Amino acid sequence: MKKALLRVKSGSMQGKTHPLAGATTSVGRADDCDLVLGDYNLVSRHHAQFQFDGQVLTITDQNSTNGVLVNGQKVAYQVLKNGDRLEMGDFSATVQIGSEASSPAFASKLTAKWQTLPGSSLQKWGAVFGIAVVLFLGGVGMMRRQEPDPFVNSPDARRGNSIPPDASAADLPSEAVGAVPAGQLQPLAPAEPSNGKISAATIQGVKAATAMIAHPTRNGYSMGSAFALGDSRRIVTNRHTVVDDSGRVQDCILIFEPGTPRQRRVNVPASSISLAPDSGDKQAFQDDLAVITLNAGQTPALPAGRSEDLSETDEVYAVGFPLGTQTLTLNGDLPSASVKAARVERLQRDASNSVSVIQLGSSVTHGNSGGPVVNNRGEVVGVISSGVEGTGMAYAIPMVFVRSLP
């Protein structure tokens, strides 16, 4: 059985730890709470409640005034992971889950081991996998590759591409090849499904309209997904795939049909990128959009669908580049776009019946962000923006917000 605790990072309790030993742990300023935070003025009397069954730790907001933030993202309910950062008013802490072997000292040794492993990336992965198996069988527990993790370290906690694997410049093509003739840039028409499923021809058209996007970081290139919509010169993606840590728009690279003979690269200056209007709410889900305007079209654009026509249990398809350039290919080629079927699990609707959030039963990871979610006719019904690691849940921004982009 795992252990869980909070390591306090602020205020009068800074540096202290509090075990989350019971099935439930209530947190707040009230004296009847299990963890009393009387010195924290911005914490509600009954702020939140933890639940822990020895394996899974969750937190639920108890209708607090200032809310619960996990890795900078406001949540009502969240499955927590080792290393998650919590904020409740002026109280902040990090979550620790696992055995004593998951201490910082152990983690730093593992990181050092990873950095000094010899050989190719595949050899390193084999070595790390072997180490992980040995430690797991020895009772240490599961561990994962030591690299920047958007679900732990990023203020955009649930973003599928907040701190993605970085590619080196050598991973990206240096020249555009196989330009598309203008006559082949007519927008794709919605196609009737085949036995209720999206047809193979429609899938190929959607893949061709979905591009890999990259912008330079301190360590290389940050990878994501983008797609042409309505107009072959108009490319839609996420805000967080085109900005740096300070929120400044960056020059980007688009790579169309990577890993194919038609692969082509377009350099995009920051001046060609427009962000969704800022709603003023730092946590606003719909703000995570951006539009790139190209001088010339590169691919037939996808047709726009209606999120309002979706129903729970409908099958849709998430298209993009999970893990960026890190997925397996031969001969050093870039990966082609991945297509993943998913069920619509939840549609959050507002008073006018417009869909405000699409929840999918599908896991997303680094590199998926900004990719299209299409229905079985190949129409875009949403844009992948985020996911909750380890839960098999992903979130897409509905088309109603995409239509309002400048």
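Predicted model: local features only at pLDDT ≥ 70, side-chain atom pairs only at ≥ 80, totals over all residues.
**Strand β22**

I started with strand β22, residues 355-360: 5 of its 6 residues are buried, so the rest of the structure largely encloses this strand. Buried here means under 20% relative accessible area, exposed means over 50%, and partly exposed is in between, with a 1.4 Å probe and protein chains only. Strands are DSSP runs of E with at least two residues, helices are runs of H or I with at least four residues, and both are numbered from the N terminus.

Residues are numbered from 1 along each chain as its sequence is written, and side-chain values use heavy atoms, with hydrogens and water left out.

**Partners of β22**

Which strands does β22 pair with? I counted two strands as paired if DSSP finds at least two bridges between them. Strand β21 (residues 338-349) pairs with β22 in the antiparallel sense, over 5 bridges. I picked out one of the positions: Val344 has Leu360 in β22 as its bridge partner. β21 and β22 make a hairpin with 5 residues between them. In that turn I found Asn353 with a positive phi of about 75 degrees.

Then I looked at strand β25 (residues 393-398), which runs antiparallel to β22 and is joined to it by 3 bridges. Here Ile358 stands opposite Ala396 in β25.

Val373 is placed opposite Gly382 in β24.

Where does Asn63, with its positive phi of about 55 degrees, sit? I found Asn63 in the loop between β6 (57-61) and β7 (68-70). Asn63 is not a glycine, yet it has that positive phi. Its relative accessibility is 79%, so I put it down as exposed.

Thr313 went on the list too: not a glycine, but with a positive phi of about 80 degrees. Thr313 belongs to the loop between β19 (290-293) and β20 (315-320), and it is exposed at a relative accessible area of 56%.

**Salt bridges**

How many salt bridges does the structure hold? I got 8, taking a salt bridge as a side-chain nitrogen of Lys or Arg within 4 Å of a carboxyl oxygen of Asp or Glu. The background is simple: side chains of opposite charge can pair when their charged atoms come close.

I wrote down three of them.

- Asp84 and Lys81 meet through their side chains at 3.2 Å, N to O, and both residues are buried.
- Arg248 bridges to Asp244, with the closest N and O atoms 3.3 Å apart; Arg248 itself is exposed, at a relative accessible area of 53%.
- Glu379 bridges to Arg377, with the closest N and O atoms 3.5 Å apart. Glu379 counts as buried at 14% relative accessibility, whereas Arg377 counts as partly exposed at 26%.

**Aromatic pair**

I searched the whole structure for aromatic pairs and found 1. Tyr40 and Phe91 form this pair, edge-to-face, at 5.2 Å centre to centre with 85 degrees between the planes. Tyr40 is in the loop between β4 (35-36) and β5 (48-52) and Phe91 in strand β11 (residues 91-98), so the pair ties together parts 51 residues apart in sequence. Both Tyr40 and Phe91 are buried. My rule: rings of Phe, Tyr and Trp (its six-membered ring) pair if their centres lie within 6.5 Å; planes under 30 degrees apart are stacked, over 60 edge-to-face, and the rest tilted.

**Cysteines**

How many disulfides are there? I got 0, asking for a pair of cysteine sulfur atoms within 2.5 Å. I looked up two cysteines as well: Cys33 is buried, with a relative accessible area of 6%, and Cys252 is buried at 3%.
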